[in-house]
Amino acid sequence: KDAIRRLEQLRYAWRGGSFELNLLRRLATLYLEENDYRGAFKVLRKAVNAFEGHPQHPQVKAMLQDAFIE
């Protein structure tokens, strides 16, 4: 939970690029580990919408779909 809190703070301090996308992916993973699906979906939707066209976009979209199925 402490890691989630710290990454959430960093999320708003750093915008754009691969760093933000990787941060969002890590944050979503932590939310899923805590069974906070709402938090994970919120972060993953942001990543999918904000990074369309990024090379990692398909992986993030798959992560969102897998989390929803689970």
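These are my notebook entries on a predicted model of a protein.

**Ground rules.** I worked on a predicted model, in which local features need pLDDT of at least 70, side-chain atom pairs count only at pLDDT 80 or more, and totals for chains, interfaces and linings use all residues. Residues are numbered from 1 along each chain as its sequence is written, and side-chain values use heavy atoms, with hydrogens and water left out.

**Overall fold.** I counted the elements first. The protein has four helices and zero strands, where helices are DSSP runs of H or I with at least four residues and strands are runs of E with at least two, numbered from the N terminus. Read from the N terminus, the order is α-α-α-α.

**Dimensions.** I checked the radius of gyration, taken over C-alpha atoms, against the globule rule of 2.2 Å times the number of residues to the power 0.38. For 70 residues a compact globule would come near 11 Å, and the protein agrees because its value is 11 Å. Along the principal axes, the C-alpha atoms fill a box of roughly 30 × 30 × 15 Å.

**Contacts and surface.** I took contact as heavy atoms within 4.5 Å. Among contacts with a separation of 6 or more, 47% join residues 24 or more positions apart. The accessible surface is about 4700 Å², with 53% of it belonging to carbon and sulfur atoms; the method is Shrake-Rupley with a 1.4 Å probe, and for residues only the protein chains shown count as cover. I found that 39% of the 70 residues count as buried, meaning under 20% relative accessible area, with exposed over 50% and partly exposed in between (1.4 Å probe, protein chains only).

**Charges.** I noted 12 positive and 9 negative side chains, the centres of the two sets lying 5 Å apart. Lys and Arg count as positive, Asp and Glu as negative, and His and the chain ends are not counted. Each charge is placed at NZ of Lys, CZ of Arg, CG of Asp or CD of Glu.

**Helix α2.** I looked up its span: α2 has 17 residues and reaches 25 Å from first to last C-alpha, close to the expected 24 Å. The expected span is 1.5 Å times one less than the number of residues. Its buried residues include L21, L24, L27 and Y31. E20 also sits in α2, and E20 counts as buried because its relative accessibility is 4%. The C-alpha atoms of E20 and D2, 18 residues apart along the chain, are separated by 19 Å.

**N35.** I then followed the chain into the loop between α2 (17-33) and α3 (37-50), where N35 lies. Its phi is positive, near 60°, in a residue other than glycine. N35 counts as exposed because its relative accessibility is 55%.
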